[in-house]
Amino acid sequence: MKAKRKRKRRLRRQSPEDRERRWIRTGLSWSHTTTAAATPPQLEPHHHSWSHTTTAGAMAQPDIDEGLYSRQLYVLGHDAMRTMGKANVLISGMKGLGVEVAKNVVLAGVGSVTIQDQGSAEWTDLSSQFYLRESDLGENRALCSEKALARLNSHVRVSACTEALNQDFLRNFQVVVLTDSSLEEQRWVGAFCHTNNIRFIVADTKGLCGQLFCDFGEAFEVRDSDGESPHSAMITHISKENPGIVSCTDEQAHEFTDGMQVTFSGVQGMTELNSCGPIEIKRIGSYSFSICDTSNFSEYEKAGVVTEVKQSKTLSFLPLDAALEEVVRDLDLLVVNDYGKVEKHQNLHFGFRALHEFKQKHGRLPKPRNQTDAELLVAMAKQLSTAANFDKFDEDVVHKLSLVAAGDLAPVNAFIGGLAAQEVMKACTGKFTPLKQWFYFDSLECLPDQEDGGLLTEEACAPRSSRYDGQVAVFGADFQEKIKKQRYFLVGAGAIGCELLKNFALIGLGAGEGGHITVTDMDSIERSNLNRQFLFRSEDIGRQKSEAAAEAVKKMNPSVNITAHQNRVCPESEGIYTHQFYSGLDGVAAALDNVDARVYLDGRCVQYQRPMLEGGTLGSKGHTLVVVPHLTESYGPASSSGQKAIPLCTLKHFPHRIEHTLQWARDQFEGLFKHSAENVNQYLSDPEFWARTVARGEVEAVEVLEGVYANLSDRPQDWTECVTWARIQWESLYNNDIAQLLHCFPPNHVTSSGLPFWMGAKRCPHPLTFDPANTTHMDFVVAAANLYGQIYGIEGSRDHEGIQKILSGVRVPEFTPKSSVKIAVTDEELAESKERKEEDKAKLEELELKLLSLQLPSQNFRMVPLEFEKDDDSNFHMDYIVATSNLRAENYDIPAADRHKSKLIAGRIIPAIATTTAAVAGLMCLELYKLVQGHRRISSFRVAYVNMAVQYYVLSQPGRAPTFTVAGKQFSLWDEFLVRGREDGREEMTVEELLKHIKDHHSLTVTGLYYGPAVLYADYCDHADRLKQRVSDLVRVVTKTELPAQQQMLEIIPSFAEDEDCERVPPIRYLFR
């Protein structure tokens, strides 16, 4: 206590400014020196009032917390994350937009975030400020939000300020963000930041419109403009001339462009290039480019990889005062997002300026739907546009802005807040191309269509002291009642799912009588989720995502009616998600992470005629899609992805990229430690296993059953035998197999056409010699031995010294390559080699006898199959993958990959970041507004494609549902022949009655009925007896399968006499239960 009093006396003797600077400086190192009990010194009442939140978890880590940031690291990289971890960010304004920016920035992992707001919580704030409750009304918004923001990330120091900004205070930050600020404040803060090299961002939203501005100073270095991996290509030839011409393999076109700089590695012959610095190139064609003068270099022999060198660039920004005027003259300062709205967004520039003027003059924003205020705002904006010599002024745009300006919408804040937070991260790191410099956004097409009787009144949009006042101001009270009664099905409670649920709670979706949200997700919460799935906390790890997310949104809005499921949405769950379930929905939202699941859900929505909102992200990239019945196209069937499957022969014998060796390593893991154990267990427990395996083909059966025999007959008895097995595996994979390959195809081998065999994509390998002093060699043995022990229940060890002692006594069998071995060069040859051979039948008979004669340790003996888990660093899985892949890469002179990159590729990780997720969810919910109102004009809807790394924002109309013609009538994918097979308690229809129903109701003569691949009825066959059968009975008979008890509908494809040549027809959707 005495020490505290002395410290207080010292602080009183200092000036307020000195105390503030000292507090900020010590605050920067708090993570090194304080515990949860620490509190900052209190400043004098007339100066900034501060509170500060820290936790014991905020103690500095030696490096990046990869367990938490793993998915974000694949977007930003380690260097950018380390730089960002030192940055101090100020976010001014804690209404809905400010808290959205702060949430994303805290999740990202900056050094510190200070939130500043002098205002108190009001009813309107609750429409979008997810950390405010009704009990917070009248309290300071920053103080109310501080603790919740601090809990998002224990590595980030979060503090709150409740006093006005001043220059001394601003000096403590590298990035300053203003939200809910006056133009006067923006001007002086912007000027100060520009002069003092502080990155400056303005973000604002008004109803359905948003604004973003960035000024990163006069010389801002962008270290990586797009975040993409450097392009690379394999070399087939380099000419010796001026300039030298580089030819690449024709496996795929190179992606180099004029002016790029590249480096060379692994070039044989013309080795001078391997030691050259970056060389500028000029593109010649898809497979060639020119470089420097190579006439004095050695002759090119073979091999080599050319790799792009990312170049930094310096950008210069105008200060706010200058940019306000210049954007009218220079459209390059306006980042376009909807190409049909360029002039509209120029008008919004004057509209937002006029709003500042209006508020300064009247002390408030224009009242919702008040025509007098709208006319005043239009006049102000017109005057500004005239002064700027802007001749494309549009009164309607500013008029609509005025009508909605008092609104505060969660989806708009989510979108603009996501973008603004991404700009903060760019400002901190120099990673990605920053906004240069203005961005305007509007979704005014969300407003009800006046031509359809959607005229809103001032009374309908007036405040009601309700948590939805910010939304009522835009859409009116009747809309609010309608959205509260909506019934929605959300599939996925991951990153996008959490953001959607937050928005759903704020806008009141399903929060009224009859309204409901069903959310399903079968996954449980992992630590890596916490970096972007912001509804979850560390204490939720291990819980079901859907349950934790439902609980979290109930706290945001207690009125929300929500039920959590843990089901996968797939054919197996159709007993839960039935015709009746979908019929009771108003719509579906897809927050899924794979194409197959999206395609399935899309099919259900088409089948049950329900709208679907769909969105996805990949790092800084995102997309949204709205599917509207009888209006737009659907998500559609899965198309062939851009990623081609790696040929099997490439994996087995001819890898030339690290992706090939990593996939090979993953296949080794699955084969050795998962499938082998599963096969043994099935052999021991399933009497049908033998017959089922043989039915797959004798070649494959021999391979599987030889593995079963080997695993049972050669099972290890102790840890020493596990290490021995791992050492012999090493020798087989990295020495013997390569020696055999080179025996079949020596380094100087030529093809039948006289060309070198080892050229182009075929890299000539070399065997490795085991060296216990080599770290990678030992990493393989340690990981392989431990994993081998795990599948047999033998305890392993990480004791390298003990393992090396065992290795010294291991006798590695001699190996001699065999001339009788034939190695397939193409996948076609590989397939031919797997054709049935007479000796395979004899091998199967021999294996059967061997397996029957085996003595097992006990009748209950079982192996332990391992499921690959990339995020557990203690389980040896990634240790094995990294070592296995890099050793094979060494065989083939392929540059190795570190653990981080290996985990991305082998673990098939989808890079993710909270900013993109928030923006995508915001755009999805703007489409939700249109669906709830029942918009039917396709021009009202938007699909979006964004790449926040490079300022690529494209919003456009969705495609119309394609049509087709049957017997002169036009149909689309949304059309169907819905038939109720049982009505009024009567018996189910017969096939004959079904045909008559189609003829009577649709004037079409059915000539055939098809259920999947099965032919139920065809008039050209002798199917007269089938006409009298009940439809569902006929399906059972023809398919020889029982229909699941939960199935209510059969989708049957007909053919018609009136148009037998048509390629597509509407399905008969036949309800039989």
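Trainee: How many salt bridges does the count come to here?
Mentor: Bear in mind that this is a predicted model, where local features need pLDDT of at least 70, side-chain atom pairs count only at pLDDT 80 or more, and totals for chains, interfaces and linings use all residues. Residues are numbered from 1 along each chain as its sequence is written, and side-chain values use heavy atoms, with hydrogens and water left out. A salt bridge is a side-chain nitrogen of Lys or Arg within 4 Å of a carboxyl oxygen of Asp or Glu. By this rule the count is 54.

Trainee: Which residue forms a salt bridge with D871?
Mentor: The closest N and O atoms of the D871 pair are 2.9 Å apart, and the partner is R71. The pair links distant parts of the chain, 800 residues apart, with D871 in the loop between α29 and α30. At the other end is helix α4 (residues 66-76); helices here are DSSP runs of H or I with at least four residues, strands are E runs with at least two, and both are numbered from the N terminus. That helix holds the partner, R71.

Trainee: Why are R329 and E326 separated by about one helical turn?
Mentor: Start with the pairing: R329 and E326 form a salt bridge, with the closest N and O atoms 3.0 Å apart. R329 is exposed at 58% relative accessibility, while E326 is partly exposed at 25%. They are about one helical turn apart because both sit in helix α10 (residues 320-329), with a spacing of 3 residues.

Trainee: Which residues are joined into one network with K341 and D442?
Mentor: First, K341 and D442 form a salt bridge, their closest N and O atoms being 3.2 Å apart. It spans 101 residues, from the loop between β17 (334-335) and α11 (342-362), where K341 sits, to D442 in strand β18 (residues 438-442). K341 is buried at 4% relative accessible area, and D442 is buried too, at 2%. Salt bridges with shared partners join these two to D338, K344, E445, E927, K930 and R942.

Trainee: What relative accessible area does C649 have?
Mentor: UniProt lists C649 for "active site", in an unreviewed entry; its annotations may be inferred rather than shown by experiment, feature names are shortened, and positions are given in the numbering used here. In the model, C649 lies in helix α21 (residues 648-652). C649 counts as buried because its relative accessible area is 3%.

Trainee: What is the area of the nonpolar surface patch made by Y945, V950 and Y952?
Mentor: Y945 is in strand β25 (residues 943-947) and is partly exposed, with a relative accessible area of 44%. Accessible areas come from the Shrake-Rupley method with a 1.4 Å probe, and for residues only the protein chains shown count as cover. With V950 and Y952, Y945 makes a patch of about 290 Å².

Trainee: What phi does Q951 have?
Mentor: Most residues other than glycine have a negative phi, and most peptide bonds are trans. Q951 lies in the loop between β25 and β26 (952-956) and is buried at 13% relative accessibility. F876, in the loop between α29 and α30, has a positive phi of about 75 degrees without being a glycine. Q951 is not a glycine either, and its phi is positive, at about 60 degrees.

Trainee: What omega does the cis peptide bond from K436 to Q437 have?
Mentor: Q437 is in the loop between α14 (410-429) and β18. Another cis bond runs from N242 to P243, with P243 in the loop between β9 (232-238) and β10 (245-248). For K436 to Q437, omega is near -5 degrees.

Methods. Patches are made of residues with over 30% relative accessible area and no salt bridge: like charges are joined within 9 Å, nonpolar side chains (Val, Leu, Ile, Met, Phe, Trp, Tyr) within 5 Å. Buried means under 20% relative accessible area, exposed over 50%, partly exposed in between (1.4 Å probe, protein chains only).
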